[in-house]
Amino acid sequence: MERADKVIMHTYGRQPLVLVKGEGCRVWDDQGREYLDCVAGLAVVNLGHAHPAIAKAAAAQLTQLVHVSNIYYTTPMVELAEALVRLSFADRVFFANSGAEVNEGAIKLVRRYSRERFGAGRHRIICMENSFHGRTLGALSATGQPKFWQGFDPLLPGFSFVPFNDLEAVAQAVDDTVCAVMLEPIQGEGGVCLPSPDYLPGLRQLCDEKGLLLVLDEIQTGLGRTGTLFAQENFGITPDVMTLAKALANGLPMGALLATAEVAGAFVPGTHASTFGAGPVVAAAANAALSLLSAPEFLAGVRAKGEYVQKALLQLQTKFPVIKEVRGLGLMWGLELTEEGAPVVAACRERGLLLNCTQGNVIRLLPPLIITPKELDATLATLRDAFKAVFP
Ligand code: PLP
């Protein structure tokens with residue numbers, strides 16, 4: 001840890017742990033201590049650590065073909081795009097390496113589509129306060145949290161912010177400079193904030209009426225996290241553009257930008273690119289991951305576990321008034337506290353449970369979706385012990 005502080009830029013407030021091994025829902029530190037990992041790389045290793053099918057697919061591809069330029073075709077990429085198209089509203093996919101990178105792609109795509117269809121001046125994107133879309137300048141400019149902007153201005157122009165879950169505020173913000181509305185279906189980093197049931201359908205309708213594109217960032221909510229392959233399915237809508245990353249290759253870096261054929265038509269050769277996008281190794285891993293994540297019985301299992309967790313967390317809330325609200329869906333949960341969450345995170349860590357705190361006071365649970373009922377019980381028991389210790 002001391003060596004890291006000397007040579008690595010101090011962009012993270014890291015937990016004092018050196019992790020050396022992972023398997024399923026567990027990780028081990030360099031002292032041999034075992035932890036239940038309910039951070040899961042922040043919703044990345046949805047299938048758990050060192051998943052054998054994914055390791056096998058990636059390893060086989062490593063000895064076959066690791067990289068060629070995207071000026072050639074490769075089969076794993078095509079198979080992955082076919083699967084994503086089959087499983088979603090989309091007709092076309094662009095691949096990149098991270099969430100921020102595909103959100104950059106989404107911003108470019110909606111601007112260019114709008115320019116071609118409506119002419120210049122219609123480039124503004126309505127985004128949400130408290131949102132999170134990544135740290136590159138474009139994605140940061142779409143992120144509605146001024147604390148992340150400090151010192152990086154001027155940001156990219158052309159973004160407006162309205163409160164999440166307020167349809168009227170979006171309607172008010174629309175004028176003839178607006179081309180799209182971009183949001184997370186459930187705000188993750190912002191504190192696991194759920195929309196009311198009529199919000200996303202209302203946004204879909206508004207976008208249709210005004211000729212705006214609806215962009216959903218499903219980077220955290222997608223790929224089984226909420227008990228459906230994409231969170232949008234819980235709200236009965238489809239977007240025009242969607243971004244995925246995090247769990248797509250279960251830990252290898254990959255992002256995907258998905259769109260309808262009409263919108264995707266705005267990208268022609270030379271307009272967008274990514275050297276490593278859908279390289280054969282990550283694409284092979286993603287194919288293995290997606291076939292497991294999209295299985296209906298797997299998703300039904302996530303929903304059942306989610307209902308179990310919800311009951312247990314609501315029960316916990318009755319014992320600890322410091323828990324102001326329990327929010328979540330599937331296996332994405334937040335406990336909003338009336339006090340700082342860091343002591344709870346530390347107390348859990350000391351007891352062999354890793355979880356995360358966002359916004360200072362929201363304890364966030366994002367376990368691997370493969371978590372077993374026994375591991376869930378262990379998680380909930382440790383959480384209870386930690387609350388007892390911190391809030392006696
Ligand atoms: N969008 C959402 C909803 C996220 O939760 C994140 C990361 O936490 C990102 C975008 C950025 O992804 P990346 O860190 O891969 O750039």
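This is a predicted model: local features need pLDDT of at least 70, side-chain atom pairs count only at pLDDT 80 or more; totals for chains, interfaces and linings use all residues.

Begin by selecting residues 52-62, helix H3, together with residues 280-293, helix H10, whose axes come within 8 Å of each other and cross at roughly 155°. Because of that angle, H3 is roughly antiparallel to H10, and the crossing in which H3 passes H10 is right-handed. Now show the side chains at this contact: on H3, select Ala-53, Ile-54, Ala-57, Ala-58, Gln-61 and Leu-62, which meet Pro-280, Val-281, Ala-284, Ala-285, Ala-288, Ala-289 and Leu-292 of H10. Twelve of the residues in this contact are nonpolar and one is polar, while none is charged.

Next, centre the view on the ligand and display the residues around it, among them Ser-98, Asn-103, Phe-132, His-133, Glu-184 and Lys-246. A backbone N or O atom of Ala-100 lies 2.7 Å from a ligand oxygen, a polar side-chain atom of Asp-217 lies 2.7 Å from a ligand nitrogen, and an N or O atom in the side chain of Gln-220 is 3.0 Å from an oxygen atom of the ligand.

Finally, turn to the backbone, bearing in mind that most peptide bonds are trans and that most residues other than glycine have a negative phi. Select Asp-153 and Pro-154, where the peptide bond between them is cis with omega near 5°; Pro-154 belongs to the loop between helix H6 (137-141) and strand S6 (159-162). Then go to Ala-278, a residue other than glycine whose phi is positive, near 50°, and which sits in the loop between helix H9 (261-264) and H10.

Definitions and conventions: Residues are numbered from 1 along each chain as its sequence is written. Side-chain values use heavy atoms; hydrogens and water are left out. Axes are lines fitted to C-alpha atoms, for helices over the stretch in contact, and angles run from 0 to 180 degrees between N-to-C directions. Helices (H or I, at least four residues) and strands (E, at least two) are DSSP runs, numbered from the N terminus. Angles under 35 degrees count as roughly parallel, over 145 as roughly antiparallel, 65 to 115 as roughly perpendicular and the rest as oblique. A crossing is left-handed if the near helix is turned anticlockwise from the far one by less than a right angle, and right-handed if clockwise. Contact means heavy atoms within 4.5 Å. Ala, Val, Leu, Ile, Met, Phe, Trp, Tyr, Cys and Pro count as nonpolar, Asp, Glu, Lys and Arg as charged, and the others, Gly among them, as polar. A residue is near a molecule or strand if one of its heavy atoms lies within 4 Å of it. A polar contact is a pair of N or O atoms within 3.5 Å; within protein, one must be able to donate a hydrogen and the other to accept it, and residues adjacent in sequence count only if both atoms are side-chain atoms.
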